[in-house]
Amino acid sequence: MSGGSAFVKDLHYAGTAIWQVLLASVVLGAGLPVIFALGVRSFAWGSGGQSAEGAPRPGNPAGKALAILLFAVVLYVLALGIYYIVVGGHGKELEFHGLWPEQVAKK
Amino acid sequence: MWRWRRSAVTLVVVSAETLVLVLVVVTALGFDFTNGFHDTGNAMATSIATGALKPKVAVALSAVMNLIGAFLSVAVALTVTNAVVKTFSAAVKDPATGQVTAPAHLTMGGDALLMIVLGGLIGGIVWNLLTWLLGLPSSSSHALFGGLIGAAITANGWDGVNWVGDGTKLDGVVGKVLLPAVASPIVAALVAGLGTWVIFKIIAGISHRTSEEGFRWGQIGTASLVSLAHGTNDAQKTMGVITLALIATGHWSADASTIPFWVKLACAVAIAAGTYLGGWRIIRTLGKGLVEIESPQGMAAEASSAAVILASSHLGFALSTTHVATGSILGTGLGRPGAEVRWGVAGRMVVGWLLTLPAAGFVGGVMWSIGHVLGNTGGAIVEFLILIGLAGYMFQRSRHNAVGAHNVNDDWSGMPAASGVPSELATGGVA
């Protein structure tokens, strides 16, 4: 019966796909909120105010600039995500050459 | 006189088939609607639980994203049912010349296909409504697949089901349903857990207010992304089913690479309306039942869900947004030191997931048998009436302990969704 070997192949394909999904998801799914957290941290540093213990702290413009940069990275990745969904709905997908995506036919 | 009688008979035959088709389309849209409200929580439960968005605003935002997402599905996979049932053979092209060597065609008669699809849809809806009543997040795709599998086994025997595919790609019940269901929640939990753990290291020491306010926006952005992806993926499934029914009855060409605009419009509106209704019972379980979450965890969960869903669709790994979202939320509890994870709630969900295929399949099989005994037209009408009856009954039961925008965030200990659920529904009737 060929069903047995197709089953083994399914396991094999799934194993390969799972590793790739895990890798991509760690980079995007864990990386993105971590960059965002760095942005929140920088913003807190930049705006001064109070620490968690309530002690007053001075603000630092460099912190705000860094925060804006980090939030921009997050926004860029979110925009890429939306673009990917739009392109996927049209039966295409994105290929990356450096930072800029390009539409290609789905394999 | 003779001529007149013959055309009258033809008219009756045509309208009988059309009636079945109309019932299939209406039932498919009903399934799409339950798909919407069953899955609102996948994207929005965390934002509602942390107060990043007011409950009504959250479901409205999710509904709009689903509506937009549904309209983005231009390339609808007509072969969606093929993942589990052998229904449709797509056109085969010679890779070298691009010439069509075998045109797209159905693998069974149109009537037979309609009855399998109708039984499958009803199985999916009944299981979706029952799990909603119990406040259990479970996969709408699995419910649909389960119903189709049950109807197909009853109709065409064990061989009518595409169990493992043909070995050339991940396919069949094993490749597209079972393996992803096991793997995707684990992957999502790992990613969300890792994200949560690192985030809390980074923001340690900054004021609670600053982090809640900052992550509020991250949560809204990532949750919207999940809603958009959901609209594109899930509405597409119903569009595929309806278009398949139109092809089966000769109302649409099997070779067409497009779908009728009214199908797209109807499916988009149905899933968005369902999303806006909000499956509050499920939102409550996901947002308050599994773990107590704060905004940073909410963002980690939704970012993980979005990444896993998009990466998987990129790699052709079919998965359920529900399994991913549940895994992600669980992961944020595991990744935050000291957070409580309610394993009892998680265990109930897993039991629900294990029951989804057989239970929806059972209903699908019974429905197909009714159609088989009563004949297509009478059977389809009776099946539809049974569906209305069951849906009405479950809606009535839900009124006894209504969960809505007003109490969705109440403390879990006084869980309105669990205490009032009739025990016979929790244990019997489905197994």
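This is a predicted model: local features need pLDDT of at least 70, side-chain atom pairs count only at pLDDT 80 or more; totals for chains, interfaces and linings use all residues.
Residues count from 1 along each chain as written, chains are lettered from A in written order, and side-chain values use heavy atoms without hydrogens or water. Local features need pLDDT of at least 70, side-chain atom pairs count only at pLDDT 80 or more, and totals for chains, interfaces and linings use all residues.

I looked up strand β3 (residues 92-97) of chain A and found six bridges to strand β4 (residues 100-105) of chain A, running antiparallel. Strands here are DSSP E runs of at least two residues, helices H or I runs of at least four; two strands pair at two bridges or more. L94(A) sits opposite Q103(A) of β4(A). Two residues separate the strands of this hairpin, and G98(A) in the turn has a positive phi of about 75°.

I turned to α3 (residues 110-133) and α12 (residues 376-399) of chain B, which pack at about 5° with axes 10 Å apart. Axes are lines fitted to C-alpha atoms over the stretch in contact, and angles run from 0 to 180 degrees between N-to-C directions. The pair is therefore roughly parallel (under 35 degrees). Contact (heavy atoms within 4.5 Å) includes L118(B) of α3(B) and F384(B) of α12(B).

I noted about 660 Å³ for the second largest pocket. A pocket is an open set of points on a 1 Å grid where a 1.4 Å probe fits, with protein on both sides within 12 Å along at least five of seven lines; lining residues have an atom within 4 Å of a point. Of 25 lining residues, A24(A) and L310(B) are among the closest to the centre. α1(A) gives the largest share, eight residues.

Conventions
Angles under 35 degrees count as roughly parallel, over 145 as roughly antiparallel, 65 to 115 as roughly perpendicular and the rest as oblique. Grid points are joined across faces, edges and corners, and a volume is the space filled by probe spheres set on the points.
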